[in-house]
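Subject: Handing over a structure

Dear colleague,

I am passing on the structure below, together with some notes on what was found in it. Please read the notes with the structure open beside them.

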Amino acid sequence: MSHLLYIQASPRGNRSSSSEVAESFIDAFKAASSDNHVTTLNVWEMNLPEFDGERLNAKYSFLHGQNPSDAETIAWQEIVDIAEQFKDADCYLFSVPMWNFSIPYKLKHFIDVITQPGLTFGVSPETGFFGLITGKPVTAIYSRGGEYSNPEAKGMDFQKVYLEMALGFIGFREINSILIEPTLADPDTVNSAITAAKQQAKVLGANS
Ligand SMILES: Cc1cc2nc3c(=O)[nH]c(=O)nc-3n(C[C@H](O)[C@H](O)[C@H](O)COP(=O)(O)O)c2cc1C
């Protein structure tokens with residue numbers, strides 16, 4: 001039995017190419033075992049807490065090895081609940097549109113909420129930062145209107161490079177990626193990009 005947590009970052013519903021490819025992954029994952037199950041979190045439908053005030057103060061208290069105040073502890077609990085829900089999975093799937101060369105701001109907000117000392121990463125005086133989510137595979141599906149695989153455009157891709165760094169920071173090592181590009185091209189090009197991505201998604205979903 002395996003629990004897949006699916007983080008969906010497109011607000012485009014059934015018009016979303018990244019969500020469409022994610023469905024192929026999920027179908028293959030479910031078909032692999034009747035015990036496999038999926039929790040879906042669409043970051044656009046989550047009521048994510050603002051990360052300011054006492055929540056932010058609490059983060060600095062933990063980073064400085066200090067005990068949080070009562071007000072910080074209360075504010076922090078909402079962060080703990082979301083981070084614990086995130087950690088409570090065996091494998092992960094992200095579907096991520098490129099927005100202005102990076103990720104949608106709601107997904108960044110989600111990452112800001114879950115990336116916390118003592119919850120998803122630790123700090124050691126000897127070795128520095130270390131991730132706490134270990135031994136779990138993650139697949140990220142990236143859709144983008146343009147093409148970023150060629151050397152001239154590669155430096156403009158802060159979508160894949162950022163998400164991989166953020167996931168690596170909290171401990172992920174087995175990070176699979178599926179690219180769907182260019183989604184703003186002619187229909188034939190888009191269809192073949194989606195078909196190829198779905199093939200990869202089926203293989204990865206069946207083996208997660
Ligand atoms: C706000 C916004 C910003 C975008 N910025 C970029 C961009 O910087 N580069 C790019 O190639 N495509 C960009 N696009 C196009 C999307 O990446 C593309 O349509 C993608 O396939 C959307 O994925 P989805 O259908 O899963 O939502 C942008 C789209 C939106 C809505």
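A nonpolar core is a set of buried Ala, Val, Leu, Ile, Met, Phe, Trp, Tyr and Cys residues that are joined through side-chain atoms within 4.5 Å. Please keep in mind that this is a predicted model.

The largest nonpolar core has 35 residues, and those with the most contacts inside it are I7, F86, Y92, F94, L107 and F110. At least two residues of this core come from each of β1 (3-8), α3, β3 (91-97), α4 (105-114), β6 (138-143) and α6 (160-169), and the largest share, 6 residues, is supplied by α3. If neighbours within four places in sequence are set aside, F110 touches I7, L41, V43, M46, L48, I82 and F86. There is also a second, separate core of 17 residues, which includes I26, I178, A193 and I194.

Turning to the helices, α2 (residues 53-63) packs against α3 (residues 70-87) at an angle of about 95°, with the two axes 8 Å apart. Because angles of 65 to 115 degrees count as roughly perpendicular, α2 is described as roughly perpendicular to α3. On the α2 side the contact is made by E54, R55, N57, A58, K59, S61 and F62, which meet A71, E72, A75, W76, E78 and I79 in α3; these residues divide into 6 nonpolar, 2 polar and 5 charged.

Lastly, S19 lies in helix α1 (residues 17-32). S19 counts as buried because its relative accessibility is 5%, and buried means under 20%. Apart from neighbours within four places in sequence, S19 is in contact with Y6, Q8, S10, G13 and S95.

With best wishes

How values were computed:
Residues numbered from 1 in each chain as written. Predicted model: local features only at pLDDT ≥ 70, side-chain atom pairs only at ≥ 80, totals over all residues. Heavy atoms only, no water. Helix = DSSP H or I, 4+ residues; strand = E, 2+ residues; numbered from the N terminus. Buried < 20%, exposed > 50% of the residue type's maximum accessible area, 1.4 Å probe, protein only. Contact = heavy atoms within 4.5 Å. Axes fitted to C-alpha atoms, helices over the stretch in contact; angles between N-to-C directions. Parallel < 35°, antiparallel > 145°, perpendicular 65-115°, else oblique. Nonpolar A, V, L, I, M, F, W, Y, C, P; charged D, E, K, R; others polar.
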